[in-house]
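Subject: Structure for your review

Dear colleague,

Please find the structure below, followed by an account of what was found in it. I would ask you to keep the model open while reading.

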Amino acid sequence: MSDSVKKVVRLSLIIIVSAFIGILFGQLVSSYELRFMLSREYLGEYRGIEIYTAGSVNEENMKLHLQVLKEAPEQLTKCVERIYFTGTDLELPVQDSGMGKALGLTQGQTVYLSTESFGSYVALHEMFHAYDYVHGDLSENSVRFQRVYERGKNVIPIFAPNVGAYPAEFFAQAGAMCITMPFEMSIAAPEVYEYFTELLAAEETS
Ligand SMILES: [Zn+2]
């Protein structure tokens with residue numbers, strides 16, 4: 001191998017390794033679990049879910065979220081391993097930067113909820129992301145869901161702007177709305193309502 005070829009090979013290797021380290025570092029920073037690991041406080045287990053707080057939380061809003069959790073369908077709660085309550089709105093991970101802050105966020109089976117404010121759908125929305133994850137990304141892979149999404153995506157944004165653009169967000173938001181406002185959903189988007197009603201009922205017998 002000539003010297004110049006060696007130089008090119010070495011330079012390429014350095015670039016590849018640096019890029020790899022960059023990716024790893026990005027992953028670390030975007031993992032909330034790691035960020036909260038040191039400041040977290042374990043509150044106990046509720047409905048089979050480990051509950052943690054990270055930083056100072058708004059007790060009132062946390063209680064309201066826990067009330068939602070108390071009444072949430074078991075098919076959802078069993079897909080969640082941990083819930084972290086935080087004091088401020090969540091900074092979205094690096095790969096989503098530019099999207100600002102969120103009231104809730106889900107990574108795998110771990111849910112993060114802000115107690116800065118309370119919305120009756122937020123915890124349910126996040127639990128549906130965990131459900132989606134546990135069931136092999138239904139929002140991407142289910143043919144039946146794709147049909148429901150295509151027909152329902154123009155209906156849901158009436159209630160929640162923008163989520164209709166993303167199947168995974170539509171899945172989480174529409175699912176949550178079928179629980180928080182079943183009557184409205186059954187009228188406005190009957191196919192969506194039927195899909196989620198069946199989805200949550202199907203597992204009860206298994
Ligand atoms: Zn979401």
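Helices (H or I, at least four residues) and strands (E, at least two) are DSSP runs, numbered from the N terminus. The model is predicted: local features need pLDDT of at least 70, side-chain atom pairs count only at pLDDT 80 or more, and totals for chains, interfaces and linings use all residues. Residue numbers start from 1 along each chain as its sequence is written.

A123 lies in helix α5. Is A123 buried or exposed? A residue is buried if 20 or more other C-beta atoms, placed from the backbone, lie within 10 Å of its own, exposed if 12 or fewer, and partly exposed in between. A123 has 25 other C-beta atoms within 10 Å and is therefore buried. Two residues are in contact if their C-beta atoms, placed from the backbone, lie within 7 Å. Leaving out residues up to four places away in sequence, A123 touches H65, V68, L69, G104 and L113. V111 is twelve residues from A123 in sequence, and their C-alpha atoms are 8.2 Å apart in space.

On the chain as a whole, there are ten helices and seven strands. Of its 206 residues, 31% are buried. Among contacts with a separation of 6 or more, 59% join residues 24 or more positions apart.

A nonpolar core is a set of buried Ala, Val, Leu, Ile, Met, Phe, Trp, Tyr and Cys residues joined through C-beta atoms within 7 Å. The largest such core has 43 residues, and L124, M127, F128, A174 and V192 touch the most other members. Helix α8 gives this core its largest share, eight residues. Beyond its neighbours within four places in sequence, L124 is in contact with V68, A72, L76, A176, I179 and T180.

Finally, how do α8 and α10 pack, and at what angle? Helix α8 (residues 167–180) and helix α10 (residues 190–202) meet at about 85°, with their axes 9 Å apart. Here axes are lines fitted to C-alpha atoms, for helices over the stretch in contact, and angles run from 0 to 180 degrees between N-to-C directions. Angles under 35 degrees count as roughly parallel, over 145 as roughly antiparallel, 65 to 115 as roughly perpendicular and the rest as oblique. The two helices, α8 and α10, are therefore roughly perpendicular to each other. Their contact is made by A174, G175 and C178 of α8 and V192, Y193, F196 and T197 of α10.
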